[in-house]
Amino acid sequence: MTVAARRLPSSVWVTGLTVGAVAVVAVLAVKAEQGPQPHATAAARPSASASAQPSAKPSQAAAPGVPDGSGAGRRVVYSLGQKRVWLVDASEQTRRTFAVWPGSVSPAPGTYAVGQRDAARTGSDGVAIEHVMFFATGSGLSIAFSNAVDGASPQPASAGVQTGGIRMSKADGTALWAFGDTGTEVTVVK
């Protein structure tokens with residue numbers, strides 16, 4: 001048999017590569033649909049030095065578990081003290097957790113529900129925001145989760161100015177928007 005007789009036609013190669021690419025895309029799509037997967041992390045080690053300049057971004061250290069006393073079932077958990085949100089599914093698995101930048105007015109600890117959702121609007125600080133999810137009131141202000149359209153962290157509120165927005169990164173705002181419909185439970189803990 002000659003070398004030419006042993007070669008496969010190019011259409012067979014193209015078909016094989018196409019089938020392989022489709023299989024890879026299908027696997028990645030299934031993993032993406034399942035949401036973020038928990039990863040094992042090493043325990044944080046104390047550092048002898050500290051940065052002299054604070055970061056404008058929320059801390060990305062190993063995320064703590066859902067706080068005790070935060071309810072049960074599918075819900076959004078917001079910790080005032082940790083400045084963190086957890087998206088918890090019906091099987092009590094954390095789908096995502098992230099740090100947030102709270103406004104100057106905080107909701108009281110308790111259980112709420114998302115009452116209104118706005119795809120986009122202007123925040124009380126004049127910033128274009130999106131993925132706005134109202135769930136509580138405090139000091140006469142509506143309190144809502146949102147993210148800045150440009151993804152920026154909020155500027156500190158001027159002295160005496162009250163804001164009820166709980167801001168997050170653009171990616172976290174998109175995830176929260178997909179997770180929480182009107183009526184989704186929001187549990188606020190200390």
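His131 lies in strand 6 of this predicted model. Its phi is positive, at about 55 degrees, although the residue is not a glycine. With a relative accessible area of 13%, His131 is buried, because buried means under 20%. Glu92 likewise is a residue other than glycine with a positive phi, in this case near 70 degrees.

**Overall architecture**

- The protein contains three helices and nine strands.
- Read along the sequence, these elements follow the pattern α-α-β-β-β-β-β-β-β-β-α-β.
- Of the 190 residues in the protein, 30% count as buried.
- The accessible surface of the protein comes to about 11900 Å², and carbon and sulfur atoms account for 58% of that surface.
- Among contacts between residues at least 6 apart in sequence, 49% join residues that are at least 24 apart.

**The largest pocket**

- The volume of the largest pocket is about 710 Å³.
- The lining of this pocket consists of 32 residues, and those nearest its centre are Gly103, Asp125, Thr163, Gly165 and Arg167.
- Two or more lining residues come from each of strand 5 (116–122), strand 6 (128–138), strand 7 (141–148) and strand 8 (165–168).
- Strand 7 gives the most to the lining, with five residues.
- By residue class, the lining divides into 14 nonpolar, 13 polar and five charged residues.

- Glu92 is placed in the loop between strand 2 (84–88) and strand 3 (94–99).
- The relative accessibility of Glu92 is 37%, so the residue counts as partly exposed; that class lies between the cut-offs of 20% for buried and 50% for exposed.
- Leaving aside neighbours within four places in sequence, Glu92 is in contact with Gly71, Ala72, Gly73 and Arg75.
- A polar atom of the Glu92 side chain lies 2.5 Å from the backbone nitrogen of Gly73.
- Between Glu92 and Arg75 the C-alpha to C-alpha distance is 9.0 Å, with 17 residues separating them in sequence.
- Ser91 is also found in the loop between strand 2 and strand 3.
- The side chains of Ser91 and Asp89 make a polar contact of 2.8 Å.
- Ser91 and Ala72 are 19 residues apart in sequence, and their C-alpha atoms are 9.0 Å apart in space.

- Ser70 is placed in the loop between helix 2 (10–33) and strand 1 (75–79).
- The relative accessibility of Ser70 is 2%, and the residue therefore counts as buried.
- Apart from neighbours within four places in sequence, Ser70 is in contact with Arg75, Val77, Thr187 and Val189.

**Thr97 in strand 3**

- Thr97 lies in strand 3.
- Beyond neighbours within four places in sequence, Thr97 is in contact with Ala63, Arg84, Val85 and Trp86.
- The side chain of Thr97 is joined to that of Arg84 by a polar contact of 3.2 Å.
- A polar atom of the Thr97 side chain also lies 2.9 Å from the backbone oxygen of Val85.

**Asp172 in helix 3**

- Asp172 is placed in helix 3, which covers residues 170–179.
- The relative accessible area of Asp172 is 11%, so this residue is buried.
- Not counting residues up to four places away in sequence, Asp172 touches Arg96, Phe98 and Ala99.
- Thr97 and Asp172 are 75 residues apart in sequence, and the distance between their C-alpha atoms is 8.4 Å.

Key
Residues numbered from 1 in each chain as written. Predicted model: local features only at pLDDT ≥ 70, side-chain atom pairs only at ≥ 80, totals over all residues. Heavy atoms only, no water. Helix = DSSP H or I, 4+ residues; strand = E, 2+ residues; numbered from the N terminus. Buried < 20%, exposed > 50% of the residue type's maximum accessible area, 1.4 Å probe, protein only. Contact = heavy atoms within 4.5 Å. Polar contact = N/O pair within 3.5 Å; in protein donor to acceptor, adjacent residues only side chain to side chain. Areas by Shrake-Rupley, 256 points an atom, 1.4 Å probe, with all protein chains shown as cover. 1 Å grid on protein atoms, 1.4 Å probe; cavity = no way out; pocket = protein on both sides within 12 Å on 5 of 7 lines; lining within 4 Å. Points joined across faces, edges and corners; volume = space filled by probe spheres on them. Nonpolar A, V, L, I, M, F, W, Y, C, P; charged D, E, K, R; others polar.
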